[in-house]
Amino acid sequence: MFYDEYKEIYKKVFKDIDTPILYNVNFGHSVPKCILPYNVETIVDYDNKP
């Protein structure tokens, strides 16, 4: 709904850090649901987008 507006805010807020930011992910109470377990190490390959 407000995807582009949120994306611009994220870009402004995080512009000075050298860390990838993952956003627009359905998890928690949204549908479809995705489980993000606590204390689990993972790799997010943000260079290989589908």
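This passage describes the overall form of a predicted protein model and the setting of Tyr23. Because the model is predicted, local features need pLDDT of at least 70 and side-chain atom pairs count only at pLDDT 80 or more, while totals for chains, interfaces and linings use all residues. Residues are numbered from 1 along each chain as its sequence is written, and side-chain values use heavy atoms, with hydrogens and water left out.

The protein contains 1 helix and 0 strands, where helices (H or I, at least four residues) and strands (E, at least two) are DSSP runs numbered from the N terminus. Its radius of gyration, taken over C-alpha atoms, is 13 Å, well over the 10 Å that the globule rule gives for 50 residues, so the protein is more spread out than a compact globule. That rule is 2.2 Å times the number of residues to the power 0.38. Along the principal axes, the C-alpha atoms fill a box of roughly 30 × 25 × 25 Å.

Of the 50 residues, 0% are buried; buried means under 20% relative accessible area, exposed over 50%, and partly exposed in between (1.4 Å probe, protein chains only). The protein exposes about 5500 Å², and carbon and sulfur atoms supply 56% of this area, as computed by the Shrake-Rupley method with a 1.4 Å probe.

Tyr23 lies in the segment after helix H1 (3-13) and is partly exposed, with a relative accessible area of 30%. Leaving aside neighbours within four places in sequence, Tyr23 is in contact (heavy atoms within 4.5 Å) with Tyr3, Lys7 and Tyr10. Tyr46 is 23 residues from Tyr23 along the chain, and their C-alpha atoms are separated by 11 Å.
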